[in-house]
Number of protein chains: 2
Amino acid sequence: MADKKPLSGYRKDKGVLWISSYVGNARVKMDYKIKALLHYEQSPFQEISIVDTKGFGKMLVLDGTPQVSTGEGFIYNEMISHIPIVTHPNPKKVAMIGGGDCGPAREAMKYKGIEQIDVVELDPRVTELCRKWLTPNSYYENDQRFTMIHRDGYEWIQEQKGKYDVLMIDRPDPVGQAKKLFSSDFYKSVYDGITDDGVVVFQSGSPYYNVSTLKGTVKNLSKLFPIVKTYLATIPLFPCGLWSFTIASKKWDPLEANINKLQHQDTQYISPEIFTSSFVLPKYVEKIVEASSE
Amino acid sequence: MADKKPLSGYRKDKGVLWISSYVGNARVKMDYKIKALLHYEQSPFQEISIVDTKGFGKMLVLDGTPQVSTGEGFIYNEMISHIPIVTHPNPKKVAMIGGGDCGPAREAMKYKGIEQIDVVELDPRVTELCRKWLTPNSYYENDQRFTMIHRDGYEWIQEQKGKYDVLMIDRPDPVGQAKKLFSSDFYKSVYDGITDDGVVVFQSGSPYYNVSTLKGTVKNLSKLFPIVKTYLATIPLFPCGLWSFTIASKKWDPLEANINKLQHQDTQYISPEIFTSSFVLPKYVEKIVEASSE
């Protein structure tokens, strides 16, 4: 560290390395104790680091913000993938924008009926470093259904028309380049990119400190889709923990899905009961969602 | 601050005051940006401060650990009180150990059938400062059913025999003095302190970084009570968010409770649906609970 320029978010305190992630307009900060900085580089797109931590295992960090950990990444990966996949009765073509660690893709592979799994990730180095440090590619790249596309998701989706049964938008927070993934024309491109009975899911921010992200997502989707529903998971890696996903569907209602598909699924977080209960919102969250869908 | 001895957990950074709360053997740290330090004192029992924060409103801090905030305290207060109260079909006598802010007591007052509400808080200064800064006592102290008892909860409960229909154990983390509130003989005293069909609830720590607290609570309660169930809430104030409560009952099963009692209740978090879904545990949490109850 000492001989490198200081990395975003990193700080040494009494010889111990910490990474700090500010949220809610810097009102709250979460600090992660670092056991080892395994890798650091500046890619053409962002600052990428891989660290080993005491509380979360190995972690991918982009521009100083922790993205996913080996300790609890299964929560985010399962909740963004299984719910839209199970909501669609017979998904064949599945794609995800973002998520170069391929976590949601690995979950999708657990469904034999799925024939095509495309992952669109802007930064090839994110994919390569996740393969090297987080998940051996042997885990998934032998799966013939899997294709990695290194493109800008915003541009890529505009070329897809009525193609995907299930689309997962694993977008970063709405800052810098990623802002366009929260624009109303992006939502329209997503609508056009899925089939006539397609299902799409967005991570829609923290209902506690990220309310505007949740509001904007529900508002934009409600203008386009007949069925829009928000569900929650608690992700220990993220400050305040509570995180929202919003599913939008042209035909299939998640609350009428065949959740038994999850009965014998190889998962660590989601079960048929969790599928259903994740749509039950605390009153203060329900208020935000209802106000935004009017 | 400058002319005071440094307070536990507080730190000035570029002129901004922060309070840091370490958890999980200091693997993770949560920092709260302070707008104003409203009050600080060393009571005979602990270091007490009241702060105003950007993210959580006013906060009670004990020995450097944030306890409750005006911004989201309703979550903890509602979840530790309404669930045991509704689980018992006809509670008359209710008590809580800890929680000098009287949050759970104010929730209990919403039930007309309850005739007696006793709050046992070790430190009178906590009560007085919460009254002054967090909740005007006018909100609840005119309620004739309410009694504040400034005693050591561990000693107090040993004098109670078959007395309470509902008991809430709003204990701090298992450090220092509070350790005895996690000892097996304390659980036995609690069992003896409630009626033959009594219900008791404990905050049982974070299932993510506090696993031993959850395990120990379930294990101890399972030895004494026929019905022991863990439920969850996400509390943004607490690092990692996910928090567990464990309810133990001599006769009444929470999953058979008349949740309609919550239908028109004046709450911000809990609803009949949240009551039920809070008992649905993610697979990785269910594993911890099942392993502990064997």
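Visitor: How many salt bridges does a search of the whole structure find over all chains?

Guide: Happy to say: this is a predicted model, and the search finds 32 of them over all chains.

Visitor: What makes D152(A) and K180(A) a salt bridge?

Guide: The closest N and O atoms of D152(A) and K180(A) are 2.5 Å apart. The cut-off is 4 Å, so the pair qualifies. It links distant parts of the chain, 28 residues apart: D152(A) sits in the loop between β9 and α4 of chain A, and K180(A) in the loop between β10 and α5.

Visitor: Is K14(B) buried or exposed, and how do you know?

Guide: K14(B) has 79% relative accessibility. Exposed means over 50%, so K14(B) is exposed. Its salt-bridge partner D13(B) is partly exposed at 26%.

Visitor: What makes K14(B) and D13(B) a salt bridge?

Guide: Their closest N and O atoms are 3.7 Å apart, and the limit is 4 Å, so the pair counts. Both residues also belong to a network of salt bridges, whose members include R11(A), K29(A) and D31(B).

Visitor: Why are E128(B) and R125(B) said to be about one helical turn apart?

Guide: Because they are 3 residues apart in helix α3 of chain B.

How values were computed. Residues numbered from 1 in each chain as written. Chains lettered and ligands numbered in written order. Predicted model: local features only at pLDDT ≥ 70, side-chain atom pairs only at ≥ 80, totals over all residues. Heavy atoms only, no water. Salt bridge = Lys/Arg side-chain N within 4 Å of Asp/Glu carboxyl O. Helix = DSSP H or I, 4+ residues; strand = E, 2+ residues; numbered from the N terminus. Buried < 20%, exposed > 50% of the residue type's maximum accessible area, 1.4 Å probe, protein only.
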